[in-house]
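Okay, thanks for coming, everyone. Let me put the structure up, and I'll walk you through some of the packing.

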Amino acid sequence: MNLPYQLFIALRYLKSKKKHKGISFNTVISISGVAVGVMALLVVLSVMSGFHEDLQKKILGANAHAVVLSYKGGIEDYSSVMEKLKNEPHVVSMSPFVLGQVMVSSGRRAHGVFLRGIEPSSELKTTDILRHIKEGSIEEITGRGWIILGKELASMVGVIAGDTVNLISPVGEIGPLGMLPRVKQFRVAAVFEMGMFEYDTNLAFTDIKSAQEFFGYGSAVSGIQLRLDDIYKASSVRDSVNKKIGFPYYARDWMQMNRNLFSALKLEKFAMFIILILIVLVASFNVVSTLMMNVMEKQKEIAILKAMGAKNQGIMMVFMIQGLLIGIIGTVIGVTGGYVLGKIINNYEIIKLPADVYYLSKLPVKMKLIDFIAVSFSAIAISFLSTLYPSYYAAKLNPVEPLRYE
């Protein structure tokens, strides 16, 4: 029996009997089960990929790709360190920064934040934070004594661009009455919104000179930020920088600083794939039951085919092709449905998220070709494996029994 005949018979067995036109109900159920499983799996994986990418984008938008720090706590001669890194491969820009924890207060409201002192001109080349200003403007960021607050932070302390806030440092000077906190007034020059609750609530920026004075750094800085032309070269750049600058300085890349977060996301995505592939496995039982019912219904036809010279391998091939067609059709429908649903969720933002819980304001979707290929291959492979027993059972049928009373 040649493959074209096997394919013809398999296609015929997908349909109902002559008195019922169209595809059989059992076949529709089997195809639908595979399609729903594939669609659910693709949508979830796309959301997980979108969440990973969106989080990575926001983290790298507010932070540098790598930083140079010192074991001594501060870098005094940061200009000479930056000069050493001037021709470092993949490093496209650098900027010094001062970082410390303070309390921002206005009236009776207060909130603890990280205050980062920056040079606006070099910060624009190193991070994207100044490109997300929603109130005020970059033109207002001149001189000294200004501060930029996150949108959620500004809302918490009840200020807008143009107002003033007090910064309170818990580390002050020791006087006759003990340690007195350091307090200074700053003008809110602008308000930024990264779209990530963690940054919009807990991050503020000011000029580097004011930060050095406020934290008592003198002429030192906390570290040097590096921007790379390829974020995935960060580990190699880190190793190269460590060799070049030597002790007491050391470099850390964004993957190191956020390793736990991204490892957890990768593990969660893999776990979701394993869990949701069970939906396709459940659908495969429909394929098995459909084929078994087909075998029982087509016993006479199978006996006739064997009487005409069909071999066991040919009979097996008929039902294996039938199950494989169910898997392929269901997978194609599921892939199409998953792609369309992903596009709808991404473009129309039909699912909103509470930013204070999920750090994101909308459900992100990132459809990756590798996910579609992996899911499609898995679904078709599972569908094919589910055909083995029914096909083997059909091939082993004794042709004598069904034809005895004909």
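So, helix 12 against helix 15: on the helix 12 side you've got N312, I315, M316, F319 and M320, and they meet L388, S391, Y392, A394 and A395 in helix 15. Sort that contact by class and you get eight nonpolar residues, two polar and no charged ones. Keep in mind that this is a predicted model. The angle between helix 12 and helix 15 is about 145 degrees, and their axes are 8 Å apart. The crossing there is right-handed.

Now stay with helix 12, residues 312-348, and look at its contact with helix 2, residues 25-62. Here the axes are 7 Å apart and the angle is about 40 degrees, which makes helix 2 oblique to helix 12. This crossing is right-handed too. Who's touching whom? From helix 2 it's T27, S30, I31, V34, A35, V38, M39, L42 and V43. On the helix 12 side, the partners include several glycines, among them G327, G330, G334, G337 and G338, along with residues such as I326, I333 and L341. By class that comes to 13 nonpolar, eight polar and, again, no charged residues.

Okay, on to the cores. Which residues touch the most other members of the largest nonpolar core? They're V68, I147, L149, I224 and L226, out of 63 residues in that core. Strand 7, residues 178-192, is the biggest contributor, giving six residues.

Next, a glutamate. E123 sits in helix 4, residues 120-126. Is E123 buried or exposed? Buried, with a relative accessible area of 0%. Setting aside neighbours within four places in sequence, E123 is in contact with S95, R116, I118, I129, L130, F205 and Q225.

Last stop is helix 7, residues 208-215. Six of its eight residues are buried, so helix 7 is largely enclosed by the rest of the structure. The buried ones are I208, S210, A211, Q212, F214 and F215.

Notes:
Residues numbered from 1 in each chain as written. Predicted model: local features only at pLDDT ≥ 70, side-chain atom pairs only at ≥ 80, totals over all residues. Heavy atoms only, no water. Axes fitted to C-alpha atoms, helices over the stretch in contact; angles between N-to-C directions. Helix = DSSP H or I, 4+ residues; strand = E, 2+ residues; numbered from the N terminus. Parallel < 35°, antiparallel > 145°, perpendicular 65-115°, else oblique. Left-handed = near helix turned anticlockwise from the far one by under 90°. Contact = heavy atoms within 4.5 Å. Nonpolar A, V, L, I, M, F, W, Y, C, P; charged D, E, K, R; others polar. Core = buried A, V, L, I, M, F, W, Y, C linked by side-chain atoms within 4.5 Å. Buried < 20%, exposed > 50% of the residue type's maximum accessible area, 1.4 Å probe, protein only.
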